[in-house]
Amino acid sequence: MSAVSVVARTSLLRASRRPSTWGLAAAVFIPAILGGALGAAGYGALGVAAPLAAWVLAPLLAVSLVAGVVGESFERRTMVYWFTRPIPRWSVIAGELLANAVLCAAILGLAGMLLAVAYALTGDATVGALLRIPLAFA
C-alpha cells in the first residue's frame, strides 16, 4: 500500500470522527430547503439557493476541513510522525489533499443532488439540468 493511500485513509478516518464534519455535512440541506421553498412560492429554485451553496457552503466546508485536519495533526503529533518517518513528504501532502478533495466532492455532490430534487419539484426542470447540477457541485 502506498504512503499516499495510508495518509488519505487516516485523514478520512479522522474527518469522520469530528463533529464539525457532520455539522457541515448537515448544512448541505440548507440550500435545498431554501430552493424548495422558493420554488414552491413561484420563484426560481436555483436563483438564490445555488449561489448560496457555491459561494458560502463550498468555501466554508473546504476551509473548515483543512483547518480541522491540520489542527488535529499538530495536536495529536501526527504531523511530527509523518515527517519523521522515512516516506516522501509529498506523499503526506498528496494524501491529505486527496482525502479532503474526496470528502468535499461527496458533500457538495449531495448538496447538488438535493438542490436538483428541489428544482425538479418545481416542474420546469429538464433531465440535463438535473444531471448537471450535482456534477457541477461535486
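**Helices and their contacts**

User: Is Asn100 buried or exposed?
Analyst: The relative accessible area of Asn100 is 11%. Buried means under 20%, exposed over 50%, and partly exposed in between (1.4 Å probe, protein chains only). So Asn100 is buried.

User: Which residues does Asn100 touch, not counting residues up to four places away in sequence?
Analyst: Asn100 sits in helix 6. Helices here are DSSP runs (H or I, at least four residues), numbered from the N terminus. Contact means heavy atoms within 4.5 Å. By that rule, and leaving out residues up to four places away in sequence, Asn100 touches Ser11, Leu65, Val66 and Val69.

User: What kind of model is this, and how are residues numbered?
Analyst: This is a predicted model, where local features need pLDDT of at least 70, side-chain atom pairs count only at pLDDT 80 or more, and totals for chains, interfaces and linings use all residues. Side-chain values use heavy atoms, leaving out hydrogens and water, and residues are numbered along each chain as its sequence is written, from 1.

User: Which element has the lowest mean pLDDT?
Analyst: pLDDT is the predictor's confidence in each residue, from 0 to 100. The chain averages 77, and 96% of the residues score at least 70. Helix 6 (residues 89–121) has the highest mean among the elements, 81. The lowest, 71, belongs to helix 5 (residues 78–84).

User: How do helix 1 and helix 6 pack, and is helix 1 parallel or oblique to helix 6?
Analyst: Axes are lines fitted to C-alpha atoms, for helices over the stretch in contact, and angles run from 0 to 180 degrees between N-to-C directions. Helix 1 (residues 3–17) and helix 6 pack at about 45 degrees, with axes 7 Å apart. Under 35 degrees counts as roughly parallel, over 145 as roughly antiparallel, 65 to 115 as roughly perpendicular, and the rest as oblique. That angle makes helix 1 oblique to helix 6.

User: How do helix 3 and helix 6 lie to each other?
Analyst: The axes of helix 3 (residues 29–40) and helix 6 cross at roughly 10 degrees and come within 8 Å. Residues that meet include Gly35 in helix 3 and Leu114 in helix 6. The two helices are therefore roughly parallel.

User: Where is Thr126, and what is its relative accessible area?
Analyst: Thr126 lies in the loop between helix 6 and helix 7 (127–137). Thr126 is partly exposed, with a relative accessible area of 46%.
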